[in-house]
Amino acid sequence: MMNPLIEKIFGIRPRDAARLVCRLAPREIEALELIVVGADRGTIAQCMGIAINTVGVYRNLLKKKLNCPRSDGLGRIYYAARCAEFFP
């Protein structure tokens, strides 16, 4: 019974979010995790060993792959996907 509540909170079914996130490459998931915890571009670049401009490329690619027009929606999809682990 938890899935309807999670879907209402995140606006996406956890299973659907998990399917989207599972399609990402490991480096894309790494970037996504840093983005959703609120790390700034400089910190993300340093953690991943990439240029700051490349962080923007990752962000745009993630928005496209996750069908998310705004960056703030990335966290919604990521955390809904994580919920799928606990509430299948």
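Modeller: A nonpolar core is a set of buried Ala, Val, Leu, Ile, Met, Phe, Trp, Tyr and Cys residues joined through side-chain atoms within 4.5 Å, where buried means under 20% relative accessible area, exposed over 50% and partly exposed in between (1.4 Å probe, protein chains only). This is a predicted model, in which local features need pLDDT of at least 70 and side-chain atom pairs count only at pLDDT 80 or more, while totals for chains, interfaces and linings use all residues. Residues are numbered from 1 along each chain as its sequence is written, and side-chain values use heavy atoms, with hydrogens and water left out.

Colleague: Which residues touch the most other members of the largest nonpolar core, and which elements give two or more residues to this core?

Modeller: Among its 29 residues, those touching the most other members are Val21, Leu32, Ile44, Met48, Leu62, Leu66 and Leu74. Two or more residues each come from α2 (14-22), α3 (26-36), α4 (41-48), α5 and α6 (72-86), and α6 gives the largest share, seven residues. Leucine 74, leaving aside its neighbours within four places in sequence, is in contact (heavy atoms within 4.5 Å) with Leu32, Ile35, Val36, Leu62, Lys63, Leu66 and Cys68.

Colleague: How do you know what span α5 should have?

Modeller: A helix is a DSSP run of H or I with at least four residues, numbered from the N terminus, and its expected span is 1.5 Å times one less than its number of residues. The 14 residues of α5 (residues 52-65) should therefore span 20 Å, and the end C-alpha atoms are 20 Å apart, which agrees.

Colleague: What makes the buried residues of α5 line one face of the helix?

Modeller: The buried residues of α5 are Val55, Tyr58, Arg59, Leu62 and Lys63. Seen down the axis, they fall within an arc of 135° (taken from the directions from the axis to the C-beta atoms), so they line one face. The face turned away from this buried side carries the exposed residues Asn53, Val57 and Lys64. In general, an α-helix has 3.6 residues a turn, so residues three or four places apart point the same way.

Colleague: Why are α3 and α5 called roughly perpendicular?

Modeller: Angles run from 0 to 180 degrees between N-to-C directions of axes fitted to C-alpha atoms over the stretch in contact; 65 to 115 degrees counts as roughly perpendicular, under 35 as roughly parallel, over 145 as roughly antiparallel and the rest as oblique. The angle between α3 and α5 is about 100°, with axes 10 Å apart, and the pair is therefore roughly perpendicular. Here Arg27, Glu28, Ala31, Leu32 and Ile35 in α3 meet Tyr58, Arg59, Leu61, Leu62 and Lys65 in α5.

Colleague: At what angle do α4 and α5 pack, and which residues of α4 are buried?

Modeller: That angle is about 100°, with the axes 8 Å apart, and α4 and α5 are therefore roughly perpendicular to each other. Ile44, Ala45 and Met48 are the buried residues in α4; they fall within an arc of 100° seen down its axis, so they line one face of the helix, and they pack against α3 and α5.

Colleague: Why does glycine 73 count as buried, and why does asparagine 67 count as exposed?

Modeller: Glycine 73, found in helix α6, has 8% relative accessibility and therefore counts as buried. Asparagine 67 lies in the loop between α5 and α6, and at 60% relative accessibility it counts as exposed. The phi of asparagine 67 is near 55°, a positive value in a residue other than glycine.
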